[in-house]
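Please examine the sequence and the structure shown below before reading on.

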Amino acid sequence: MSQITPEQVADFLRENPCFLQQNSDLLAQLELQQHAQGATSLVHIQQRQLREHNTMLKSKIASLIAHAKENELIYSLFSECHRQLWTNYDFKTLAINLRNIICTNPAISECHLLKYESKFDELIAHRLQPGGIYLGRVNQQERDLLFKIDIQSSALYLIGNSQHPIAILAFGSADPNHFEPAKDSLFVLEFVRSLQLRLLELEQELA
């Protein structure tokens with residue numbers, strides 16, 4: 001008779017989940033052996049696994065709830081920003097109002113809509129090519145160019161393109177992990193597209 005493998009034993013127990021309950025003497029012997037070796041019983045092992053699984057599920061649920069709340073706040077903020085696009089008729093006023101709205105988000109320390117100047121050329125070439133978007137950390141020189149305080153992570157959006165840059169929309173956070181490449185930017189990108197159209201209109205009105 002061939003020797004039974006551990007895999008065969010495991011398969012049998014999975015197919016017969018009541019086996020140990022129906023053979024309580026065997027279960028008692030297994031538990032006694034486990035205790036003699038200084039380990040926990042099979043029941044305790046199962047309980048521990050269930051607790052670990054529940055902890056993992058609670059963590060996932062908490063993460064989903066936090067993500068949903070963040071998205072709700074972002075949606076509300078950018079809805080208000082969209083309204084500002086059509087009630088402000090000069091660049092400076094629009095920039096101030098956008099900053100005041102966005103910075104009500106406690107995770108964002110600074111927000112600036114900066115009209116394009118040649119001093120931004122190196123930043124655009126280094127951070128905003130080819131897609132016009134950068135999320136992550138910037139160096140000290142770039143921080144000094146964009147922000148007034150010590151920002152740990154940033155989100156940068158080029159308004160226009162490298163051939164015709166109009167402005168840079170810059171968000172800064174004191175949290176080094178708040179802006180990172182995997183962060184969902186759907187609401188921001190929709191706003192950036194609308195902002196670009198509005199700034200092109202303002203350019204034409206001033207021409």
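## Lining of the largest cavity

Helix 4 provides the largest share of the lining of the largest cavity, namely five residues. The model discussed here is a predicted one. At least two lining residues each come from helix 4 (42-85), strand 3 (153-160) and helix 8 (186-206).

Sorted by class, the lining of the largest cavity consists of 13 nonpolar, four polar and three charged residues.

## Number and volume

How many cavities of 30 Å³ or more are counted? The count comes to one cavity. The largest cavity holds about 210 Å³ of space. It is lined by 20 residues, and those closest to its centre are Ile74, Phe78, Phe179, Lys183 and Val188.

Asn88 is found in the loop that joins helix 4 and helix 5 (91-102). Is Asn88 buried or exposed? Residues under 20% relative accessible area are classed as buried. Asn88 has a relative accessibility of 4% and therefore counts as buried.

Two polar partners of the Asn88 side chain can be described. The backbone oxygen of Gln84 is reached by the side chain of Asn88 at 2.7 Å. The side chain of Thr87 forms a polar contact with the side chain of Asn88 at 3.5 Å.

Which residues does Asn88 contact when its neighbours within four places in sequence are left aside? They are Thr93, Leu94, Asn97 and Arg198.

Methods: Residues are numbered from 1 along each chain as its sequence is written. This is a predicted model: local features need pLDDT of at least 70, side-chain atom pairs count only at pLDDT 80 or more; totals for chains, interfaces and linings use all residues. Side-chain values use heavy atoms; hydrogens and water are left out. On a 1 Å grid over the protein atoms alone, a cavity is a set of points where a 1.4 Å probe fits but cannot get out, and a pocket is an open set with protein on both sides within 12 Å along at least five of seven lines; lining residues have an atom within 4 Å of a point. Grid points are joined across faces, edges and corners, and a volume is the space filled by probe spheres set on the points. Helices (H or I, at least four residues) and strands (E, at least two) are DSSP runs, numbered from the N terminus. Ala, Val, Leu, Ile, Met, Phe, Trp, Tyr, Cys and Pro count as nonpolar, Asp, Glu, Lys and Arg as charged, and the others, Gly among them, as polar. Buried means under 20% relative accessible area, exposed over 50%, partly exposed in between (1.4 Å probe, protein chains only). A polar contact is a pair of N or O atoms within 3.5 Å; within protein, one must be able to donate a hydrogen and the other to accept it, and residues adjacent in sequence count only if both atoms are side-chain atoms. Contact means heavy atoms within 4.5 Å.
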